[in-house]
Structure formats: structure tokens, C-alpha cells
Amino acid sequence: MKMPGSNAMIFVGVSFSMFLILMTRTSNCVASGNSKIIRSLNVSQTTNKNQTIILTRTGSDNRKNTHSSDHASTSLVNKSTTAKTTVQSTRAPKTTTTASFHTEDLNESIDKHVERRVWDKRVQNEPLELECPPLGLESLRVKDRDLRASSYQRRGLGPHRGRLNIQSGIEDGDIYDGAWCARFKDQKQWLELDARRPTLFTGVILQGRNSIWSWDWVETYKVQLSNDSLAWKPIMNGTVEAVSPLDWVEQCEARWDGSSLFVGCFYSIIIILEYRMCLVLRPHTPPHQPQTGIEAGVLLQDVVLWLAGIPEPKNVYTWEAEKGSKDDLDFRHHNYKEMRKLMKAVNEECPDITRIYSIGKSHMGLKLYVMEISDNPGKHELGEPEFRYVAGMHGNEVLGRELVLNLMQYLCSEYKRGDQRIVQLVKETRIHLLPSMNPDGYEMAYKKGSELSGWALGRYSYEGIDMNHNFADLNSVMWDAMERETDKSKLINHYFPIPEFYLSEEAFVASETRAVINWMKSIPFVLSANLHGGELVVTYPFDMTRDWAPHEHTPTPDDSFFRWLATVYASTNQVMSNPDRRTCHHDDFLRHNNIINGANWHTVPGSMNDFSYLHTNCFEVTVELSCDKFPHASELPVEWENNKESLLVYMEQVHRGIKGLVMDKDSKAGIANAIIKVDDIDHHIRSAAGGDYWRLLNPGEYEVTASAEGYYPVTRSCRVEYHHYPTLCDFHLAKTLKQRLLDILAKGGKLPKSVKQRLHQLRLRRLRSSTQAINRRRAQERRARAFRR
């Protein structure tokens, strides 16, 4: 691994375990060619109290660079033709509606002004290429049992908490805290990692512990190696002899400015603490070379160490096969330019079922590209539900972006291969995939890379807006109306209007948020999921508590179906469904079967999920995909396998419940904006422009009413079965007499004599009725005056 600012190549020692030593003075780090475990020896005093160190490490079983591919590797076979499943129903002929978003030509180059703003040639735009992937401290591939320490203050500050970007609980005394903290204030404290196999350690990254209550970091440290955790190779101060590349000596010093991560260039993984410390480290380059510490983003609550390592090439032990994926997909991180290339490649492979369009631009001018996948791309087919996946709302939560890109490739290749499940899904569903809602934030995180982007860099838009709190707060509008209105029949429960102040140009609303809202209103989406990262849980609406409590269970009228949607994803996810998995940070979602009401976790005013439910017909959940917000590229194949079935099964839920057409009884024309009401569920939906509707429901018997302005309402019973397709429930509405007359008059026609006579009789009846009511009221008033006398 070559570090910036230095011409020296970094070599590392072979070790089973790693151990870190923290010191106040500079020490030299010596790599040992025969060592297998790292441990601490000398320790000197530090001045910081309550300090903690956190370890994150990097490692892999091979040297293959997962970033080496320059193109989207989608191996696609010949397209097969499969008949589209049809269902019998009395309905109007199938029609299509042209989409309002124009197809994008990705052969066009990126605007030069945008390119200059986003990719400044004076700075590094590509992440630091590390020689080997992380061992897996942040992603939890390294188990708690492999981390040991000389001491710790309490269980919540044990060595198992020494992981990069670990998040502590709300209170400083929580059992889960954001670091490892030694118990004693002396120079004999150490933190050890057992790699469990011969490993070439190539680097380390350390992170400080930074919270409301604590702000600590490491000043200096040293590293040692061992084969058996008993005999340790001591650091040889000032030694630079290189019998072999593995004996290269590095001088290491740790420094931290309180807000950044730093890359280390030494080769072992043992830290010895002086006193109790929460620390961040930065090593020096070899003697007589310039420093190579690299600033890498904002830290939050933790002190962390990251270890890089690869298997020893000459190892004689039989290696356990690494998990991966058999799917031939492009498993790497894609910046904006590479994302365009991949989407273009998929579109060229499957031009008959794909279309690329843009819903708007980011603040910096990057387009928000969407991949549409359907047997009739570019058009809404009558009766076919619309589905969407949205990823990258937080730019540094990158796994969702890569999963959506992988999903594009997978659907294309499997459709051409003739996979009946995928063929049916594509033919019966119009799928929209938005891989990056916040491309500006992603580019910021991407430039730092997987290990250096930190917990928050790239989360917000370029303007500093958290888009997860940036949608119109319709929850408060709904609850305020419920408190003011005494006649509950006058309350609305769906399609809440957006407040005028939110729509104004002065409102602090991100351009990306406005683009997504326009997208939501333009297409009749039925189901969606918002892909995030940093935890392992599926949350469902409402996301906001009613009385602004920090967290409180706040269900929607469709709570049972939302729980089903969340369970579908969580139960088929290979990591979430593992009962023995470790919690990511401090919340144990295993107790809730890995699903939770969003407001019961923490209140989120202005969330996209709540807005989607209250302003449109679309049901939406949030999926937290992994503990690590920015997993290394080497872990992407495993993450794809963890989520592949979940992504497919969740999409298939768009066909659960009832669907149908609301039509004019005489003309058979579809009726737009007809209200679909389900008894005992206080949330209605509306029909689309062509009169088609989709109502997501769990199995059961329902009384459903369809109504529209100018029509008599119709109620019918609809039964939802345990099938993989919806129950058809069409409605034929008859116009009211008043509407018929208005239609005649609108066409310039004359009313028939019989109709005029009937209207005259109705007027007389209303006149007599109103006269009788007036007379009764006057009589009551006379009696009241007489009584008072």
C-alpha cells in the first residue's frame, strides 16, 4: 500500500492477532515476518482521562482488487418470450398513459459547469486505494470473542465496543457506549485483536470518541505481533533493518484534531493505553519521510481503530472459502459517472424492458436518474401497479445505492434468461429504481472512501439539509384538524394538501426533495421502500410522534398491513433473520423481530414515509440495510445475497389486496379521483387517471365503497385470499340526476318536458319542506316567549 506524500511501500507482518499500545511519546513500529498475534509492551503516561479506544480493522482472504472492473459486468443471455398472465374481469379495454418524464440519453456528456463544480481537478476526487479490504470490525465480521483488553470500565465500554463508527446510547451511562475504555490509569493497558489466521496487516485507522459528554483521543501508541498471544515481538525503537519486506520498520505517532479520521501506515494491531483513554491515532511515515496522515471526515461519538490485512500468501493452512455471490454483477462502488455507465449498459442490454429518465437535479446540478423496468416502459398500463425503490437519501449510506444498481442488472439478466418469477414480475409491475436521491452527498462521501468517510460526511445535501426531515409535515396538519373539528364526518383522512408556505420559493426545501414530491404526484405509486444504512431494522409509519415525544408508538390506520410489509423484508433478509446476530450499536431490534414503528424508535417530523402515506396512495417503509453505512467493496457480494430475496419478495407485495376499475355505468369510461373506502380502516385512497385503483390489504373479507363526485356510491364485498395476486373488485357508478342534467346543459341541449315537470315537482317539494320547517321554528319561539311571561 503506498501512502500519499511518500514513495515508500508499506509492508506488514504476518499475524493471527493484533494488539495496540497507546503512549505519550513517539514509538517505532516493527513488523515481524513470523508473528501471528499482536500485543502491547511499553506504555507511557497520557494526560487525558476517561479515554477509550475503538478498533476497526481491514482484512481479506485474497489480494484481488474489487475496484478493478471498469464496466458493468452483466452477463445476459438471449431473451425468452413468456406469455403475460391475464385475469378475467369485466372492464374497459386496456389502455396506456404516457409518462411525463422524458427519456434520458446517457450518451450525452455531463455539463462542463456541473463537472467543474462537483469534481475539482485541484483536489483528490477518487478515494484512497487501500491495498487490502477491512478485516470487518465495523461490519461485525470480526466477532466480539476476537477482541480482548487488559481491562474495561464496564460491559458497555468493553473491547467489543472498539469498532469504527460505533454509536452509543442516549445517556452516557448506557450499557452500550461508543468505545472501549480501560479501567486503570496506568501504562499497562492494551487492546488485542485475534485475526484467527495468518494475516498481513497493512494499515490502521483510528477515530476519537466525541459526544456531548466525552471528547477524548489517543496521543501515541505502538503495535506488536505474536503467534500465540503469549510471546510478543517488541517494538524495536529506531530499527530500520529490512531482512525482508515484512521486517520494514515504521515510526508511529497518533494525533487527532477532534473531528477527523486518520490513516496509519504500520503493520500490526495492538494498542496499549496509558490511563483510561478514548482515543484517535495517526501514525507517521517511515523516518525522514513527510507525514502521511489523511484527514477523512467528521467523527461523532467514538474512538476507533481500523485494521487492514490480507492473508499471508505462503500460508500452509487451508483457508475457509469466503462467502460471495454467484450472480455476475458489478460489485463495486459507483460514483456518479460510473453509475451512468452502468445504467446505460443495462439499458442497452435490455432495451425492450428498460428506460432511463430523470426526475430533476440536485443542488450542484447532478441529475436524479431513475431506471424504469416494465414490459411497456414509458407508459402506465391500466391495472398495472407502480412500484419504486428509493436509495441514497443520505449520501453516505451507500449500500442501498449499490443494491439498487445490482437489482437493475439482475432483473435484466434474469428476464433475458427466462426466469419465470422475474418475467412475471416485470410483465405485471411497473418498477422504478432511483439509486441516488442525494448525489451531491454521495460524491462527498465517495471521495473519502469506505473507511474514511466517517458517520456523517455526505449525509446531508450540499445545502446541509437532512432530506429525511425535509418533506411537508402533514402529520401535524392531520392531528390539528382532528382536534379542532367537532364533526368527525367532515374530516379528511387522505390526500392532505401541502401547506402553502412549504410550496413557496423561500421555504427551506431541497431541490432534490421538490423533485421527488413532483415524481410522487405524477405517477400513481402503490408501494415503495426507502433504503438507508447504519442499522439492521425495517421501520414503518408513522415516523412522527403526535405530541413531539422523543419516541412513542404511533400507528397508522393500516398498521397491520405495514407490519406485514416490514416483516416480509426482515424475515427474508439473511442477516436480520439470524437470531444469533450481534446488535449494531445500542438498540436491540431482535426483540421486535427486526421491525419497529418509526415513531417508537425516534420521532422524525417531515419523513418521506409519512408524506407518501398522507399525500398519495403509496405505502412506504424504511429499510436500514446494514450496521456499516459505507461497507467496503469486498463486502458487496455478501450484502447482495443478504438482501436479494428481500428486495424481490417486497416488490411482489404490490400485488396483495384488491384492485380494479371504477367506471361510468353507461359509458364504461374510467372515473379518475374516485374515493375507495374500506370499512373499519380510516384511510381512503383514490383511483388514478384511467379509473384504475389498488388497495393494499391483508387477507380477509372487506366491505368496500367507491364514490365519486356526481355519482351514486356503490358498496360491495371483496374477499382477499392468501394468493400471490390481488382480488379483482370493479365498480360501476351511475350518475346522479343532477349530474345528468348538468351534462345535458353543458352540451347546449334542452331538457325534455318530462324532466322539466319532475324538476318543478322537486322544487315544490323542497319549498313545502322549507316552509314547514320555518313555521315550526316560529311556533317554538312563540311558545318560548309565552312561557317566559
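User: What makes Cys 584 and Cys 627 a disulfide?

Analyst: Their sulfur atoms are 1.9 Å apart, and a disulfide is a pair of cysteine sulfur atoms within 2.5 Å, so Cys 584 and Cys 627 form one. The link is left-handed, with -70 degrees about the S-S bond. Cys 584 sits in the loop between helix 9 (559–572) and strand 23 (595–597), while Cys 627 sits in the loop between strand 24 (619–624) and helix 12 (636–652). The pair, 43 residues apart, links distant parts of the chain. Helices (H or I, at least four residues) and strands (E, at least two) are DSSP runs, numbered from the N terminus.

Please keep in mind that this is a predicted model, where local features need pLDDT of at least 70, side-chain atom pairs count only at pLDDT 80 or more, and totals for chains, interfaces and linings use all residues. Residues are numbered from 1 along each chain as its sequence is written, and side-chain values use heavy atoms, with hydrogens and water left out.

User: How many disulfides does a search of the whole structure find?

Analyst: Three are found. One of them joins Cys 350 and Cys 412, with sulfur atoms 1.9 Å apart. That link is right-handed, at 90 degrees about the S-S bond. Cys 350 lies in the loop between helix 2 (336–349) and strand 16 (354–361), and Cys 412 belongs to helix 3 (residues 399–417), 62 residues apart.

User: Why is Cys 350 called buried?

Analyst: Its relative accessible area is 4%. Buried means under 20%, exposed over 50%, and partly exposed in between (1.4 Å probe, protein chains only), so Cys 350 counts as buried. Cys 412, at 2%, is buried too.

User: What makes Cys 718 and Cys 729 a disulfide?

Analyst: Here the sulfur atoms are 1.7 Å apart, which is within the limit, so the pair qualifies. The link is left-handed, with -85 degrees about the S-S bond. Cys 718 is in strand 30 (residues 714–720) and Cys 729 in the loop between strand 31 (727–728) and strand 32 (731–733), so the pair ties together parts 11 residues apart in sequence. Both cysteines are buried.

User: Why is Arg 785 called partly exposed?

Analyst: Arg 785, found in helix 14 (residues 753–788), has 39% relative accessibility.
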